[in-house]
Amino acid sequence: GGLEIALACDLRIATAGAYRLGTPEVTLGLLPGNGGTQRLTRMLGTSRALDLLLTGKTLTPQQAHEWGLLAEVFEDEAEAEVYIEGLAAGPALALRNIKRCVYEGGQLPLDEGVALEGRLVEELFRSEDGHEGLTAFVEKRPPAFTGA
């Protein structure tokens, strides 16, 4: 169940370790019934998803990274915290619009997805955060995003 919960997240990161990731439900005569069959297939493609689902095979964190299940594998929790804190301090409006482009735009024909992207970038250019980001770049300083 842990991997299925992680599959529902925008990003999956991990620390290195001896644990394994997978969907072992088939070894119990079951299937991963919390979205595992659907999310794995969309994420990995049919062949790799079926390899995990039909065999109950598990992966090391490094293998899961190589397969595309994990975005990053960090050596320790301190490294992971730096990554997480960087995301949390980022420009909330831009992060929201990027996710919208990926999730919503990815379901549209390409021309409509590109049009959505254009509307959302225009929205960001008009935002305070967009102005702050561009000003900070010109002034060669870190931006101070407010989410406005």
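Me: Contact means heavy atoms within 4.5 Å. Leaving aside its neighbours within four places in sequence, which residues is D129 in contact with?

Reply: The model is predicted, and its local features need pLDDT of at least 70, side-chain atom pairs count only at pLDDT 80 or more, and totals for chains, interfaces and linings use all residues. Residues are numbered from 1 along each chain as its sequence is written, and side-chain values use heavy atoms, with hydrogens and water left out. With neighbours within four places set aside, D129 is in contact with P91, A92, L93, F145, T146, G147 and A148.

Me: What makes D129 buried or exposed?

Reply: The relative accessible area of D129 is 4%. Buried means under 20%, exposed over 50% and partly exposed in between, with a 1.4 Å probe and protein chains only. D129 is therefore buried. Its place is in helix α8; helices here are DSSP runs of H or I with at least four residues, and strands are E runs of at least two, numbered from the N terminus.

Me: How do you know whether S127 is buried or exposed, and where does S127 lie?

Reply: S127 has a relative accessible area of 11%, so S127 is buried. S127 belongs to the loop between α7 (110-125) and α8 (128-138).

Me: What makes the pair formed by L124 and S127 a polar contact?

Reply: A polar contact is a pair of N or O atoms within 3.5 Å; within protein, one must be able to donate a hydrogen and the other to accept it, and residues adjacent in sequence count only if both atoms are side-chain atoms. The backbone oxygen of L124 lies 2.7 Å from a polar atom of the side chain of S127. Another example stands at the start of α5, where a side-chain oxygen of D76 comes within 3.1 Å of the backbone nitrogen of A78.

Me: Why is the pair of F74 and Y83 called tilted?

Reply: Rings of Phe, Tyr and Trp (its six-membered ring) pair if their centres lie within 6.5 Å; planes under 30 degrees apart count as stacked, over 60 as edge-to-face and the rest as tilted. By this rule there is 1 aromatic pair. The ring centres of F74 and Y83 are 5.3 Å apart and the planes stand at 50 degrees, so the pair is tilted. F74 is buried at 9%, whereas Y83 is partly exposed at 26%.

Me: How do you know where the charged end of R48 sits?

Reply: A charge sits over a ring if NZ of Lys or CZ of Arg is within 6 Å of the ring centre and within 35 degrees of the ring normal. The charged end of R48 sits over the ring of W67, 4.4 Å from its centre.

Me: What makes up the largest nonpolar core?

Reply: A nonpolar core is a set of buried Ala, Val, Leu, Ile, Met, Phe, Trp, Tyr and Cys residues joined through side-chain atoms within 4.5 Å. The largest such core has 14 residues, and those with the most contacts inside it are L40, L44, L52, L59, A64 and L69. Two or more residues come from each of α1 (2-7), α2 (36-44), α3 (46-55) and α4 (61-67). α3 gives the most, with 3 residues.

Me: Why is K140 called exposed?

Reply: K140 has a relative accessible area of 76%, and therefore counts as exposed. K140 is found in the segment after α8.
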